[in-house]
Every structure is written in C-alpha cells, then in structure tokens.
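Subject: Structure handover

Hello,

The structure is pasted below. My notes on it follow.

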Amino acid sequence: MKFFKCPCCSKLHFTTVNGITFENDFITLQDFTIKKKLKCEKCQNNLAILIHNKRSETKIIWEEYYKVYDDGFKKQQELQSKKEEILKIESENDKQKQLENVLKEIRNLQNEVNIKQSKLRIKARIISPEASLGMSERLSSS
C-alpha cells in the first residue's frame, strides 16, 4: 500500500502498485515506467504513477496537464532541428530571416503550451476551488 497526493487538488490517495506496467507515451519521461493509472475521486483528473527505471524514484503526474508539455516538447525539438539547419546556411540575409521566423515559432509554441496549461489549472480551480492553494507549486515539482 502506498499513499500520495494528487498534484492537482492535493487529495490523499491510497493505492497498491503491483507488477503491471502501462505503455509510456511521454517523450520526456522515457526513463520512467508507468506503474499505475487512476482517476482522482475529487478533481476527476487522470493521474499516473511513474517509477524511474534506475533510481526507483516515484513521480505522480496529472496526465492531461503533462501531455500538453510533452506535445510541446516534441514540436520544439522539430523546430530546434530546423534552426540547426538554418544556421548552416551561408547567405547572411537568408539565414537571418529564416532564423527570426523559427525563433518566432518557438516563442509562439512556448506561449501556446503555457496558455493550455493555465486553462487546465483554471478548470481544476473551478471544479475544486478549496484545493487550488499551492497547485502551481505541486505541478511544477511533480
């Protein structure tokens, strides 16, 4: 039996983590194995319990919130590789224009991720206003 707090609403959950593992679709968490998926009874968000493959460190994430970050990370990697290609261009004028466009896309992507995560935090606060205190700190530390 293990217990943990929901990163969204801070409700205390008791659960058993058995030998079953789930497919890990998160790009940024490839060193982790998903051991348990469940739904928080209070805020109704899907949670995942992950265990690091080497350090046995346990991490609890709000799946929908983290998926926004993970999808943004994947797109940002693509833009970074595009930026690397642009830096190899010889012509300074072409290089500068294309580089400005890619950097603008990266900034827009980061803003988009922040806005989507903010909307999810607001949604969670509406559902469970009494539990919203300290939510940003819990989500950033998970």
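Ser56 is exposed, at 55% relative accessible area (exposed is over 50%, buried under 20%, partly exposed in between; 1.4 Å probe, protein chains only). This is a predicted model, where local features need pLDDT of at least 70, side-chain atom pairs count only at pLDDT 80 or more, and totals for chains, interfaces and linings use all residues. Residues are numbered from 1 along each chain as its sequence is written, and side-chain values use heavy atoms, leaving out hydrogens and water.

Backbone: Ser56 is not a glycine, yet has a positive phi of about 55°. Ser56 sits in the loop between E4 and strand E5 (58-62); strands (E, at least two residues) and helices (H or I, at least four) are DSSP runs numbered from the N terminus. Gln44, also not a glycine, has a positive phi of about 65°. Gln44 belongs to the loop between strand E3 (32-39) and strand E4 (46-52) and is partly exposed, at 45%. Most residues other than glycine have a negative phi.

Sheet: three strands form an open sheet in the order E3-E4-E5, with antiparallel pairing (two strands pair if DSSP finds at least two bridges between them). E3 and E5 are the edge strands, each pairing on one side only. E4 and E5 are joined by five bridges, and Leu50 has Lys59 in E5 as its bridge partner. Helix H1 (residues 63-87) packs on the sheet and touches E3, E4 and E5, contact being heavy atoms within 4.5 Å. The direction of H1 makes about 90° with that of E5 (axes are lines fitted to C-alpha atoms, for helices over the stretch in contact; angles run from 0 to 180 degrees between N-to-C directions).

Regards
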